[in-house]
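Visitor: I have a structure here and would like to go through some of its details with you. Could we take them one at a time?

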Amino acid sequence: AHIPIANHPALSRLTDRKLLRSLGYIGGRWIAGKDAADFAVTDPATGAPVARVAKLGVTETDSAICAATSAFPLWAKRLPQDRAAILRRWAALMMDAQEDLALLMTLEQGKPLSESRGEIAYAAEFLEWFAGEARRINVEGVTPHLENVEMIVRREAIGPVGVVTP
């Protein structure tokens with residue numbers, strides 16, 4: 001399935017037009033929503049169409065949760081340094097594409113380009129931070145309430161988490 005992208009004048013400034021996607025990415029595939037429904041994204045500053053994107057709902061959300069849950073065991077088996085490298089690579093890719101991503105964010109939300117650049121950098125910093133955390137042993141000693149007892153708390157991921165954000 002493919003949803004045509006509008007020809008907003010600002011899109012000609014994109015270095016990598018492949019960053020503008022109209023479909024949802026679930027389970028390693030780009031998908032359209034139920035009945036191939038879509039909706040328009042318009043530039044709040046001008047009202048001009050930017051794109052039409054897949055309208056995803058409950059079914060696609062359930063599919064995304066199932067795909068993440070299925071992928072989690074393989075991710076958890078990776079060495080911490082491998083997970084860290086993947087997260088750092090993701091952060092680097094975001095920063096390499098900062099101008100394009102910021103332009104797309106500005107066209108979608110209407111915020112100043114400088115704020116969009118800042119949000120991209122902020123998101124990449126989270127990935128860098130989590131990459132550092134991936135390499136740390138998440139174990140700590142806890143003072144027990146009994147004599148001759150040693151208590152250890154080990155923190156480890158138990159699986160995917162679903163979050164709804166604006």
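Guide: Gladly, and please keep in mind that this is a predicted model.

Visitor: Is Ala157 buried or exposed?

Guide: Residues with a relative accessible area over 50% count as exposed. Ala157 has a relative accessible area of 54%, so Ala157 is exposed.

Visitor: How many Å separate the C-alpha atoms of Ala157 and Phe72?

Guide: Ala157 and Phe72 are 85 residues apart along the chain, and the separation of their C-alpha atoms is 9.5 Å.

Visitor: How are α2 and α4 oriented to each other, parallel or antiparallel?

Guide: The axes of these two helices, α2 and α4, come within 8 Å and cross at roughly 170°. Angles over 145 degrees count as roughly antiparallel. The two helices α2 and α4 are therefore roughly antiparallel to each other.

Visitor: How do the residues of the contact of α2 with α4 divide into nonpolar, polar and charged?

Guide: On the side of α2 the contact includes Leu87, Trp90 and Met94, while on the side of α4 it includes Ile120, Leu127 and Phe130. Charged residues also take part, among them Arg83 and Arg88 of α2 and Glu128 of α4. The residues of this contact divide into 15 nonpolar, one polar and three charged.

Visitor: Which element gives the most to the lining of the second largest pocket?

Guide: The second largest pocket holds about 160 Å³ of space. The elements that give two or more residues to its lining are α2 (80–96) and α4 (113–134). With six residues, the element that gives the most to this lining is α4.

Visitor: Which charged residue is found in the lining of the second largest pocket?

Guide: The lining residues divide into eight nonpolar, no polar and one charged. Among those that line the pocket are Trp90, Met94, Met105, Phe126 and Glu119.

Visitor: Is Ala85 buried, partly exposed or exposed?

Guide: Ala85 lies in helix α2, and its C-alpha atom is separated by 10 Å from that of Leu127, 42 residues apart along the chain. The relative accessibility of Ala85 is 45%, and so Ala85 counts as partly exposed.

Visitor: Is Gln98 buried or exposed?

Guide: Gln98 is found in helix α3 (residues 98–109). Not counting residues up to four places away in sequence, Gln98 touches Arg117, Ile120 and Ala121. A relative accessible area under 20% counts as buried, and since the value for Gln98 is 17%, Gln98 is buried.

Visitor: Which residues does Leu101 touch, not counting residues up to four places away in sequence?

Guide: Leu101 is found in helix α3 and is partly exposed, with a relative accessible area of 22%. Its C-alpha atom is separated by 7.9 Å from that of Arg117, 16 residues apart along the chain. With residues up to four places away in sequence left out, Leu101 touches Leu19, Met94 and Ile120.

Visitor: Near what value is the phi of Asn148?

Guide: Asn148 is found in the loop between β5 (139–142) and β6 (151–154), and this residue is exposed, with a relative accessible area of 83%. Most residues other than glycine have a negative phi. Asn148, a residue other than glycine, has a positive phi, near 55°.

Terms used. Residues are numbered from 1 along each chain as its sequence is written. This is a predicted model: local features need pLDDT of at least 70, side-chain atom pairs count only at pLDDT 80 or more; totals for chains, interfaces and linings use all residues. Side-chain values use heavy atoms; hydrogens and water are left out. Helices (H or I, at least four residues) and strands (E, at least two) are DSSP runs, numbered from the N terminus. Buried means under 20% relative accessible area, exposed over 50%, partly exposed in between (1.4 Å probe, protein chains only). Contact means heavy atoms within 4.5 Å. On a 1 Å grid over the protein atoms alone, a cavity is a set of points where a 1.4 Å probe fits but cannot get out, and a pocket is an open set with protein on both sides within 12 Å along at least five of seven lines; lining residues have an atom within 4 Å of a point. Grid points are joined across faces, edges and corners, and a volume is the space filled by probe spheres set on the points. Axes are lines fitted to C-alpha atoms, for helices over the stretch in contact, and angles run from 0 to 180 degrees between N-to-C directions. Angles under 35 degrees count as roughly parallel, over 145 as roughly antiparallel, 65 to 115 as roughly perpendicular and the rest as oblique.
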